[in-house]
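The sequence and structure are shown first, and the description follows.

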Amino acid sequence: MAQNIATSCVIAGGGPAGMMAGLLLARAGVETVVLEKHADFLRDFRGDTIHPSTLRAMDDLGLYDKFLALPHQEATTLSAQIGDESIPIADFSHLPTRAKFIAFMPQWDFLNFVAREAQKYPNFRLIMQADVEGLIIEDGVVKGVKAQTPQGPLEIRAALTIGADGRHSIVREKAGFTPQDIGAPMDVLWFKLTRRSGDTSEFFGRVAAGKFLVMINRGDHWQCGYVIPKGGFEALKAQGIELLRANVAQLAPFMADRVAELVDWTHVSLLTVTVNRLPLWHRPGLLCIGDSAHAMSPVGGVGINLAIQDAIAAANILAPTLSRKETPSDALLARVQHRREPAVKLTQAMQVFIQKRVVSNVLAAQGRPLTPPWPLRFFQYLPWLRRIPARLVGLGYRPERVHV
Ligand SMILES: Cc1cc2nc3c(=O)[nH]c(=O)nc-3n(C[C@H](O)[C@H](O)[C@H](O)COP(=O)(O)OP(=O)(O)OC[C@H]3O[C@@H](n4cnc5c(N)ncnc54)[C@H](O)[C@@H]3O)c2cc1C
């Protein structure tokens with residue numbers, strides 16, 4: 001016998017999009033339930049970058065200082081280390097926002113923070129280990145979700161269902177939506193290496209012919225992302241873990257004394273990269289947001305922030321109707337898509353451009369010495385140009401403010 005809950009809004013997925021939508025709707029007086037399939041927020045890496053657009057939302061919520069009291073690193077500028085040269089690319093110090101930097105913070109700290117703030121509202125409920133398996137659909141209208149929990153089946157009926165369950169969204173699938181694949185030429189290998197006193201404390205990124213490494217400072221260890229050609233993991237594995245160790249040591253010579261910590265392939269996880277989007281994000285009673293509506297590439301580290309912008313737009317547009325416990329009309333759901341879609345298309349177009357022109361070229365340049373492409377030289381000699389990528393990455397097109 002399934003347990004039954006009735007609410008105004010049920011959100012499938014407690015990632016950046018789902019948790020932020022939950023906080024904003026609950027704060028606006030909407031009875032909201034978020035279902036997250038994992039027992040905690042310690043899950044596969046999905047990005048640690050909190051951009052000025054998200055920090056501005058925290059400011060709108062009066063949470064800016066409290067949020068930044070959590071351990072994090074701040075980057076006011078971003079550079080690309082290509083071959084032996086470091087080229088400054090983005091300068092956030094001129095942004096018209098309180099935060100003139102990107103904050104690097106483990107995503108579980110961010111999600112735990114949002115969960116704590118949301119749980120201060122009595123109309124907010126977060127149910128962990130609730131795996132959404134299906135939709136309740138009556139007369140073509142989505143009326144809620146069916147989930148499995150350790151206590152047994154759970155059915156939640158709601159005026160609106162939000163699919164925020166990421167790139168492999170079950171909500172999207174059960175709604176009959178098929179995303180258009182836009183393509184990504186790479187996957188990412190993910191592993192940890194010890195961080196020692198004397199190491200740089202900065203975010204570290206290094207590009208050389210055929211190789212691409214980013215390293216995120218997590219206190220006692222470096223979280224490393226090593227970019228490989230799409231589908232190339234098996235071929236790399238066949239060459240032995242020694243090759244990966246040697247490549248990491250070449251890109252980050254200060255790590256040479258500890259690459260042996262990569263004892264075998266069990267120390268390495270594969271993160272597949274997908275870029276796609278739905279032609280239609282909604283149907284009666286249902287709205288998809290974040291990666292469920294548009295899976296983002298890691299390029300630019302903007303996916304989390306775009307997912308949060310979707311959540312803000314959805315809350316701004318839908319909260320007044322939902323707080324009256326009414327199902328938003330199709331026209332209202334369409335307004336969310338129309339509001340956010342241009343920013344998604346533009347951002348994905350930039351990601352695809354960089355994937356094709358930079359990432360693919362780097363990965364294909366086996367053995368050849370790598371020099372920065374000439375357009376990047378403009379950033380070196382014209383410092384004001386660095387404000388443009390800072391604006392595109394830090395705020396994005398059509399940044400949202402919290403109005404509810
Ligand atoms: C390798 C890689 C690196 C990336 N790096 C960055 C970065 O540095 N910065 C950045 O901004 N973006 C990055 N991105 C993009 C970013 O991860 C996504 O755009 C962002 O996480 C989207 O947020 P979301 O809330 O929509 O989805 P997700 O973060 O995927 O969250 C979905 C949530 O739903 C839960 N869930 C899934 N299915 C169910 C279910 N059936 N029932 C209940 N819960 C469910 C999941 O457990 C998860 O908690 C990266 C992506 C990849 C692939």
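Which elements are included in what covers the buried residues of helix 4?

## Helix 4 and its surroundings

The model described here is predicted. Helix 4 spans residues 107–118 and comprises 12 residues. From its first C-alpha to its last it reaches 16 Å, close to the 16 Å expected at 1.5 Å a residue. The buried residues of this helix are Gln107, Phe110, Leu111, Phe113, Val114, Ala115, Glu117 and Ala118.

Their cover includes helix 1 (16–27), helix 2 (52–60), helix 3 (64–68) and helix 8 (303–323). Strand 3 (49–50) and strand 8 (124–128) also belong to this cover.

## Arg340 in helix 9

Arg340 is found in helix 9, which covers residues 330–364. Because its relative accessible area is 0%, under the 20% limit, Arg340 counts as buried. The side chain of Arg340 makes a polar contact with the side chain of Asp310, at 3.2 Å.

Leaving aside residues up to four places away in sequence, Arg340 touches Trp281, Leu306, Gln309, Asp310, Ala313, Tyr397, Arg398 and Glu400.

## The second largest pocket

The second largest pocket has a volume of about 230 Å³. Two or more lining residues are given by each of strand 16 (221–229), helix 6 (233–238) and helix 7 (241–251). Strand 16 supplies the largest share, four residues.

In total, 14 residues line this pocket, and Gly210, Leu236, Gln239, Leu243 and Gln366 lie nearest its centre. By class, the lining has eight nonpolar, five polar and one charged residues.

Conventions: Residues numbered from 1 in each chain as written. Predicted model: local features only at pLDDT ≥ 70, side-chain atom pairs only at ≥ 80, totals over all residues. Heavy atoms only, no water. Buried < 20%, exposed > 50% of the residue type's maximum accessible area, 1.4 Å probe, protein only. Polar contact = N/O pair within 3.5 Å; in protein donor to acceptor, adjacent residues only side chain to side chain. Contact = heavy atoms within 4.5 Å. 1 Å grid on protein atoms, 1.4 Å probe; cavity = no way out; pocket = protein on both sides within 12 Å on 5 of 7 lines; lining within 4 Å. Points joined across faces, edges and corners; volume = space filled by probe spheres on them. Nonpolar A, V, L, I, M, F, W, Y, C, P; charged D, E, K, R; others polar. Expected span 1.5 Å × (residues − 1).
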